[in-house]
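Let's take a friendly walk through this model, starting with one chain and moving on to its contacts.

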Amino acid sequence: MLEALWEGLLLVLQWKAFGFMLLGIGLGFWVGLLPGLGGATTLALMLPFIYTMQPVEAFAFLLGMHAVVATTGDITSVLFGLPGEATSAATVVDGYAMTKKGEAGRALGAALASSLVGAIIGAVALAAAIPIVRPLVLTFGSPELFMLAIVGLAFIASLSGEGTRGMLRGFLAGGFGLLLATIGQDPQSGTARFTFDSLYLMQGLDLVPVLVGIFAIPEIIDLFVRGSSIANIPPGKVAKGAWEGVKDTFRHFGLTIRCSLIGTFIGVMPGLGGSVAQWLAYGHAAQSAKTPEERKQFGQGDVRGVLGPGAANNSKEGGSLIPTVAFGVPGSTSMAILLGGFLLLGLVPGPDMLTKHIAVTYSMVWTIVLANIITVALCFLFLDRLAGITNVKGHRLIPIILVLVFIGSYTSNSHYGDLLVTLFFGAVGYLMVLAGWPRAPFVLGLVLGKIAENYLYISTARYEAAWLTRPVVLVLIVVAVLVIAYPFFQARSRG
Amino acid sequence: MAKKASFALAVLILLAAGYAVFTAHGWPRKAALFPLAIGAPLLVLALIEAIWAFKSNEAEGDPMPRGIALPWAWIVGFLALIALLGFPIAVAAFMLAYLKFAAKEDWIFSVVVTALVWGAFYGLFDAMLHLPFPAGWLLEWLGFAA
């Protein structure tokens, strides 16, 4: 195992992989800082570029980008009081309050140092989980893997919306994704399904045009409507006091570690995602106040309110990679898109990633660690200039993103059909945003559709209906039912 | 607006699921199993959501976001340019037009940024990755395509 860990490090340090990681870090750094441009959208936009890469290079690029988004997102939250990312909203509460008190440097130092600690703990959790989940995953056959896909969908569908109505929409989105995954020639019988006699649709819907459309187009519309309102605070001296913030991280080291563990745990649970992790960690940090007076400090600029979410935000990445890599069940939207990346590279998450491609899996651990160390070091170096980077007008970004959207989607098949698919799913994505429907279950349905169908086919062909009576399958059915029933219990206990 | 959007999505899924269930009936069992297993429950769920959205009163105080027609027009316009003139010309024309008229930048800024983005596009996709970008339909029709 140690040998594979070492091999993983060497893979990331190869000049090409390392170069792509640096490129990813550069992009993620910027995207995290800019409010309005999300990490998941950028991940979808960058998928077309990985076609020609080796798996290690592709993951160094994508994960390097994704791993730092939460870190730099905290900077915008602290300096401007608007979250750079949805996942760094909790940092606003005390981080921005500290800025208003003239302690921006201290808040930034605390956010960055706790982010680094969180990222390392998440990565260690991922590395430590591999030998533990490996024997479990290796006993799984097609029936268990099919049920895992269903459980993953049930988790994401029922938890990404609130209440019964939210769950209904979650399931509709997930089911729609699964249904669209059946477009194209059926691999078992060769039947052309829902192709409308179009040659383009014979090979099925390509992930890239759909994902780019569903995430990037609504964001472009939103950016357009909001105009140039990103941030317009002049860059100032913010570096002062940053070292104090780093010291705070170690003064409250127990809290930082506990919040990192909360983040990791939430990351492992499919469907909860980073937005939940940060608030749970914030809640835990507030609870750690010993007296009512001390608790009143939270919201007024208590450094612990920055440390908690900062740590949890970054530790969740390592955690959420565990179910994604081991079971093919992503815990969040970004991980669902990353799962799409696996498929583009010809890797199937599951047993193979823990045996044949174990070094690739460990290279992901190292990417998270290295990307965060590099980012935090860069942030400290350029702390004073960071505020200036956010001064980009939304209108200047739109045409560049739009060019990337259409070229990116076109590269998947070099067919004009790709552009129409992007436009269509852009409209669907925009409707979903307007209606408040979750997009993560849709992505998961689309990504898992083909795999799930294949597992279902093998299960019924090999065991007929008897696959339903296998012990692990029965346990997973119970889990799926409990997950689906949860919102009803929740509603009843409230009522 | 949330109500209308939700209703539209529910109807879209209702139609898709209905079509899936209807067509899958004629296929061999192997091909029909999964679309039917997904399509049938989806049909019921979509119907419930459509009725729910239709009957709910959440529309009040929730107007359509203003000014969304213009960004859609730019997006569709760019797509039409790509189809008519091909990627290389469309990227340059769109960048310049957008920066000048939508972002209201001055000419120098618009031209410089357009040149930079076009250079990056050409260098990466054409020179390095050798992606085939077909000439647009208009150029083909006029006989300018190589």
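This is a predicted model: local features need pLDDT of at least 70, side-chain atom pairs count only at pLDDT 80 or more; totals for chains, interfaces and linings use all residues.

**The build of chain B**

Chain B has 6 helices and 0 strands, and reading along its sequence gives the pattern α-α-α-α-α-α. How does the radius of gyration of chain B compare with the globule rule? The radius is 23 Å, whereas the rule gives 15 Å for 146 residues; the value for chain B is well over that, so the chain is more spread out than a compact globule. Along the principal axes, the C-alpha atoms of chain B fill a box of roughly 55 × 50 × 30 Å.

Buried residues account for 28% of the 146 residues in chain B. Among contacts in chain B with a separation of 6 or more, 56% are between residues 24 or more positions apart.

**Where chain B touches chain A**

On the chain B side, 47 residues are in contact with 44 residues of chain A.

| Element of chain B | Residues |
|---|---|
| α1(B) | 2–24 |
| α2(B) | 29–55 |
| α3(B) | 69–85 |
| α4(B) | 87–102 |
| α5(B) | 107–128 |

Which element gives the most to the side of chain B that touches chain A? It is α2(B), with 13 residues. By class, the residues on this side of chain B divide into 42 nonpolar, 3 polar and 2 charged.

**A helix pair in chain A**

Over in chain A, helix α3 (residues 39–46) packs with helix α16 (residues 333–344) at an angle of about 10 degrees. The axes of these two helices of chain A are 9 Å apart. Angles under 35 degrees count as roughly parallel, and therefore α3(A) is roughly parallel to α16(A).

Which residues meet where α3(A) and α16(A) come together? From α3(A) come Gly39(A), Ala40(A), Leu43(A) and Ala44(A). They meet Thr333(A), Ser334(A), Ile337(A) and Leu338(A) in α16(A). By class, this contact of α3(A) with α16(A) has 5 nonpolar, 3 polar and no charged residues.

Methods. Residues are numbered from 1 along each chain as its sequence is written. Chains are lettered from A and ligands numbered from 1 in the order in which they are written. Two residues are in contact if their C-beta atoms, placed from the backbone, lie within 7 Å. Helices (H or I, at least four residues) and strands (E, at least two) are DSSP runs, numbered from the N terminus. Ala, Val, Leu, Ile, Met, Phe, Trp, Tyr, Cys and Pro count as nonpolar, Asp, Glu, Lys and Arg as charged, and the others, Gly among them, as polar. Axes are lines fitted to C-alpha atoms, for helices over the stretch in contact, and angles run from 0 to 180 degrees between N-to-C directions. Angles under 35 degrees count as roughly parallel, over 145 as roughly antiparallel, 65 to 115 as roughly perpendicular and the rest as oblique. The radius of gyration is taken over C-alpha atoms; the globule rule is 2.2 Å times the number of residues to the power 0.38. A residue is buried if 20 or more other C-beta atoms lie within 10 Å of its own, exposed if 12 or fewer, and partly exposed in between; C-beta atoms are placed from the backbone.
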